[in-house]
Amino acid sequence: MLVQESEKILKDYFGYSRFRPLQKEIISAILEGKDVFALMPTGGGKSLCYQVPALMFNGLCVVVSPLIALMKNQVAALAQYNIPAAYLNSTQSNEAQELIENKCFNKEIKLLYVSPEKLTSETFLNFLKIIQVSMFAIDEAHCISAWGHDFRPEYSKLSKIKEFFPTKPMVALTATADTITRQDIINQLQLTDYELFTASFDRPNIRMNVTTGFHRIERIIRFLNSRPNQTGLIYCLTRQETEEMSKKLQEAGFAARCYHAGLNSKERSQVQHGFLNDEVHIVCATVAFGMGIHKNNVRFVIHYNMPRNLESYYQEIGRAGRDQEISDVILFYSFKDVIHWRTLIAESKTNHELDNNQLKMAKLARMQQYAEASICRRRILLNYFGEAVHEDCGNCDVCRKPRSRFDATLLAKKALSACIRLKEAVQMPTLIDVLRGNKTALIAEQGYDEIKTFGSAANVSYPEWKDYLQQMINLGIFDIAYDDNFVLKRGALSAKVLYEDYIVELALPEFDFSRKGDQPRS
Ligand code: ADP
Ligand code: ZN
């Protein structure tokens with residue numbers, strides 16, 4: 001009965017004929033008065049899970065949302081369906097806020113989006129007490145947990161809601177939460193008689209690729225040339241990088257723009273609109289771009305740098321292919337990114353006891369393992385989100401073209417011997433210069449050109465060495481001294497390589513660096 005009614009609402013208001021996986025189940029649980037924890041990937045259709053019951057209940061559904069842009073978007077989308085909705089946040093004047101509160105009082109609004117600060121103020125909670133509230137929805141619920149990847153202190157106070165409204169159904173929604181974060185959200189929101197719904201995080205239409213950071217810009221341009229007029233995102237770490245990248249792409253003839261938090265709001269909305277209307281094809285952005293941008297035909301997401309953890313990565317690539325069409329995501333990985341994040345985490349000081357650096361380092365390590373993996377990437381990613389996968393996907397770069405291996409024992413011996421003669425005191429670039437016999441100013445000054453292994457492996461190119469050394473670090477032949485300026489030291493396996501008959505097998509680089517035009521190996 002209720003199910004039929006909800007299907008009618010889906011059709012009458014939203015024009016959709018069928019529920020997506022879990023939507024119906026979630027809606028039923030809410031209608032039964034239960035609390036709900038819904039874990040669904042981006043694009044899975046979380047909003048409808050509370051919008052449909054909101055329309056079926058008497059009274060007001062209160063939705064907590066972390067960003068003003070998100071609230072505006074949702075309210076505008078609902079207006080298109082003729083659903084009365086509004087938002088309240090601290091940027092509005094008192095008069096504007098009062099006007100909306102009056103409308104709520106007069107039952108003219110069905111869904112009210114509020115910022116967490118607004119909702120948890122005692123005055124506002126008391127106001128809600130005197131009007132008829134039907135339910136609460138907590139969007140981006142992972143923001144409540146310091147174990148998650150986007151902790152927002154304002155969210156912590158949301159635990160108050162249950163104290164004021166112990167009997168109203170509450171639904172917490174998020175696209176990313178590992179097991180610890182999940183439990184933390186449930187505890188903090190005081191979800192009691194709740195049901196947990198977890199949709200599959202698999203996005204089979206997204207093809208995952210990881211590649212070395214070598215000659216990034218040229219390779220990005222080549223990639224873009226192969227798919228004219230498609231739209232996509234390129235994520236960079238810094239504002240400056242987004243600007244440089246969009247400039248280079250414009251020079252190459254692409255409709256590209258940059259986007260970062262340093263632009264004024266007019267510039268930002270220009271880029272957003274241009275992108276939504278397909279006038280801007282490529283947005284080179286910092287992570288500031290994305291949340292709240294609902295565009296279905298994003299065909300590719302490129303990461304110019306490696307993100308700090310798999311949650312962020314998953315969320316960012318999830319912006320590709322919401323229309324279920326085949327989309328490509330490419331992560332350019334270089335070890336420099338790991339050093340960048342490690343340094344940043346080590347320098348960051350936070351007051352929150354749980355916002356601990358050890359956890360951040362552990363998450364970074366998982367991200368790095370993903371980037372360096374030689375097993376199916378989709379398995380790693382889904383595994384991370386607690387989904388057991390028994391088969392390779394056949395669709396990521398590792399599955400499509402597994403790298404062949406070669407005997408690199410001699411190279412490993414040379415590298416280790418040079419490392420020891422350099423007193424385990426240099427970083428990777430210097431070690432490579434020594435092995436290749438490249439007499440830089442630093443090398444001349446330190447007299448490193450006089451050691452016995454100087455120039456002993458000049459036939460191996462710089463990028464190849466980088467690739468090999470990274471692999472050797474993973475194998476434990478070398479160690480990176482994170483606490484000592486990232487210099488290379490002998491790893492646990494080094495003695496076996498040097499003094500026993502241990503065979504070192506490495507994967508061939510993905511590119512043939514010795515040939516012009518760095519063609520992918522076939
Ligand atoms: P999420 O918040 O989980 O990222 P949204 O709620 O924004 O996802 O939904 C993503 C898109 O899917 C929206 O355009 C929405 O209108 C659409 N959508 C949601 N549910 C359905 C459905 N049952 N049938 C068709 N489209 C749907
Ligand atoms: Zn795979």
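Helices (H or I, at least four residues) and strands (E, at least two) are taken here as DSSP runs, numbered from the N terminus.

I note at the outset that this is a predicted model, in which local features need pLDDT of at least 70, side-chain atom pairs count only at pLDDT 80 or more, and totals for chains, interfaces and linings use all residues. Residues are numbered from 1 along each chain as its sequence is written, and chains are lettered from A and ligands numbered from 1 in the order in which they are written.

**Entry 1: leucine 475**

I began with leucine 475, which I found in helix α21 (residues 462-475). For burial I used C-beta atoms placed from the backbone: a residue is buried if 20 or more other C-beta atoms lie within 10 Å of its own, exposed if 12 or fewer, and partly exposed in between. Leucine 475 has 17 C-beta neighbours inside 10 Å and therefore counts as partly exposed.

**Entry 2: arginine 436**

Arginine 436 belongs to helix α19 (residues 428-436), and I classed it as partly exposed because it has 18 C-beta neighbours inside 10 Å. For contacts I required that the C-beta atoms of two residues, placed from the backbone, lie within 7 Å. Leaving aside neighbours within four places in sequence, arginine 436 is in contact with Gly455, Ala457, Ala458 and Tyr462. Asparagine 459 is 23 residues from arginine 436 in sequence, and their C-alpha atoms are 7.2 Å apart.

**Entry 3: aspartate 184**

I placed aspartate 184 in helix α9 (residues 179-189), where its 19 C-beta neighbours inside 10 Å make it count as partly exposed. Not counting residues up to four places away in sequence, aspartate 184 touches Ser145 and Trp147. The C-alpha atoms of aspartate 184 and histidine 142 are separated by 8.9 Å, although the residues are 42 apart along the chain.

**Entry 4: helix pairs**

For helix packing I took axes as lines fitted to C-alpha atoms over the stretch in contact, with angles running from 0 to 180 degrees between N-to-C directions. Angles under 35 degrees count as roughly parallel, over 145 as roughly antiparallel, 65 to 115 as roughly perpendicular and the rest as oblique.

The axes of helix α1 (residues 2-14) and α3 come within 10 Å and cross at roughly 105 degrees, which means that α1 is roughly perpendicular to α3. On the α1 side I listed Glu5, Ser6, Ile9, Leu10, Tyr13 and Phe14, and on the α3 side Leu48, Val52, Leu55 and Met56. In sorting residues I counted Ala, Val, Leu, Ile, Met, Phe, Trp, Tyr, Cys and Pro as nonpolar, Asp, Glu, Lys and Arg as charged, and the others, Gly among them, as polar. By these classes the contact of α1 with α3 has eight nonpolar, one polar and one charged residues.

Helix α14 (residues 335-347) packs with helix α15 (residues 357-372) at an angle of about 170 degrees, their axes being 10 Å apart, so α14 is roughly antiparallel to α15. Val338, Trp341, Arg342, Ile345 and Ala346 of α14 meet Asn357, Lys360, Met361, Leu364 and Gln368 of α15, and the residues of this contact divide into six nonpolar, two polar and two charged.

**Entry 5: nonpolar cores**

I took a nonpolar core to be a set of buried Ala, Val, Leu, Ile, Met, Phe, Trp, Tyr and Cys residues joined through C-beta atoms within 7 Å. The largest has 56 residues, of which Leu112, Ile138, Val171 and Ala172 touch the most other members, and helix α3 (residues 46-56) gives the most to this core, with six residues. A second, separate core has 52 residues, including Met245, Tyr313, Leu364 and Cys376.

**Entry 6: ligand 1**

I counted a residue as near the ligand if its C-beta atom, placed from the backbone, lies within 6 Å of it. Ligand 1 is surrounded by 14 residues, the closest being Tyr16, Thr42, Gly45, Lys46 and Ser47. Helix α3 gives the most to this shell, with three residues, and by class the shell has four nonpolar, seven polar and three charged residues.
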